[in-house]
Amino acid sequence: MRKRYKKFDTIAKEFISNEKFMRIQNESHHGITRYEHSMRVARNVYKLSKKLNLDYISATRAAIVHDFFVNEEFGTNRGLIQGVVHPDIALANARGEFKINDIEANAIEAHMFPLSTVLPKSKEAWCLTSVDKAVAIYEYATNKFSVKRIANPVSYAVCLMFVYIMNFLTINNR
Ligand SMILES: [Fe+2]
Ligand SMILES: [Fe+2]
């Protein structure tokens, strides 16, 4: 694990100065932009992975690019197919622009678990898939269904559930 302390903005700098990555600012996602969603997930992954004493730099980097794709890359294949395939496209795009390590690669590929067949192999990957789901529920609730009041408790409950599962599944592999 890297020991040197890094602020979120320092980690994010490399990505937000990349022209191809910043195309996600023009993509709609959960009623906001894909960039806003990605950065919300990344900031929460940064906080949670630091709190859990994980490799927060890899976890945050993976979170920033976990949805690095534009809709036109799917043509007419939207819906469930996009839900299953987009992590692979995000990983290919991330590898094309940045140096991605093994923890980051698995976390990006597995972030749609259990929809994807790739299992999250590290606590960092479990952290990303958990936070992504919690944030998605929050964003759907606030931007699409207008039930803001239940968004936070539901998000936290889902997040906690995944953190517990993560601990059970990875405790002997670390
Ligand atoms: Fe995603
Ligand atoms: Fe996401």
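**Reading the fold, step by step**

Modeller: Let's start with one residue, Ala 59. Skipping its neighbours within four places in sequence, Ala 59 is in contact with Val 45, Ser 49, Leu 54, Ala 107, Glu 124, Cys 127 and Leu 128. Keep in mind that this is a predicted model.

Colleague: Okay. Which residues have the most contacts inside the largest nonpolar core?

Modeller: Those are Val 45, Ala 59, Val 65 and Leu 128, in a core of 39 residues. Helices 1, 2, 3, 4, 5 and 6 each supply at least two residues of this core. Helix 6 gives the largest share, 10 residues.

Colleague: Let me step back, then. What does the secondary structure of the chain come to?

Modeller: Seven helices and two strands. Along the sequence the pattern reads α-β-β-α-α-α-α-α-α. Of the 174 residues, 40% count as buried. Take contacts between residues at least 6 apart in sequence: 58% of them join residues at least 24 apart.

Colleague: Now pairs of helices. At what angle do the axes of helix 2 and helix 3 cross?

Modeller: To read a pair, look at the angle between the axes. Here it is roughly 165 degrees, and the axes come within 8 Å. Angles over 145 degrees count as roughly antiparallel, so that is how helix 2 and helix 3 run relative to each other. Their crossing is right-handed. On the helix 2 side the contact includes Val 41, Val 45 and Ser 49, while helix 3 brings residues including Tyr 56, Ala 59 and Ala 63.

Colleague: What about helix 1 and helix 3: at what angle do they cross?

Modeller: Roughly 45 degrees, with the axes within 10 Å. That makes helix 1 oblique to helix 3. This crossing is right-handed. Phe 8, Ile 11, Ala 12 and Phe 15 of helix 1 meet Ile 57, Thr 60, Arg 61, Ile 64 and Val 65 of helix 3.

Colleague: Let's move to the loops. What is the phi of Asn 53?

Modeller: Backbone angles are a handy thing to check there. Asn 53 has a positive phi of about 60 degrees, although it is not a glycine. Asn 53 sits in the loop between helix 2 and helix 3 and counts as exposed because it has 9 C-beta neighbours inside 10 Å. His 30 has a positive phi too, about 55 degrees. His 30 lies in the loop between strand 1 (28-29) and strand 2 (32-33); with 19 other C-beta atoms within 10 Å, His 30 is partly exposed.

Colleague: One last feature. Is the peptide bond from Phe 113 to Pro 114 cis or trans?

Modeller: For that, read omega. The bond is cis, with omega near 10 degrees. Pro 114 is in the loop between helix 5 (102-109) and helix 6 (123-144). Pro 114 is exposed, with 9 other C-beta atoms within 10 Å.

Methods
Residues numbered from 1 in each chain as written. Chains lettered and ligands numbered in written order. Predicted model: local features only at pLDDT ≥ 70, side-chain atom pairs only at ≥ 80, totals over all residues. Helix = DSSP H or I, 4+ residues; strand = E, 2+ residues; numbered from the N terminus. Buried ≥ 20, exposed ≤ 12 C-beta atoms within 10 Å, placed from the backbone. Contact = placed C-beta atoms within 7 Å. Core = buried A, V, L, I, M, F, W, Y, C linked by C-beta atoms within 7 Å. Axes fitted to C-alpha atoms, helices over the stretch in contact; angles between N-to-C directions. Parallel < 35°, antiparallel > 145°, perpendicular 65-115°, else oblique. Left-handed = near helix turned anticlockwise from the far one by under 90°.
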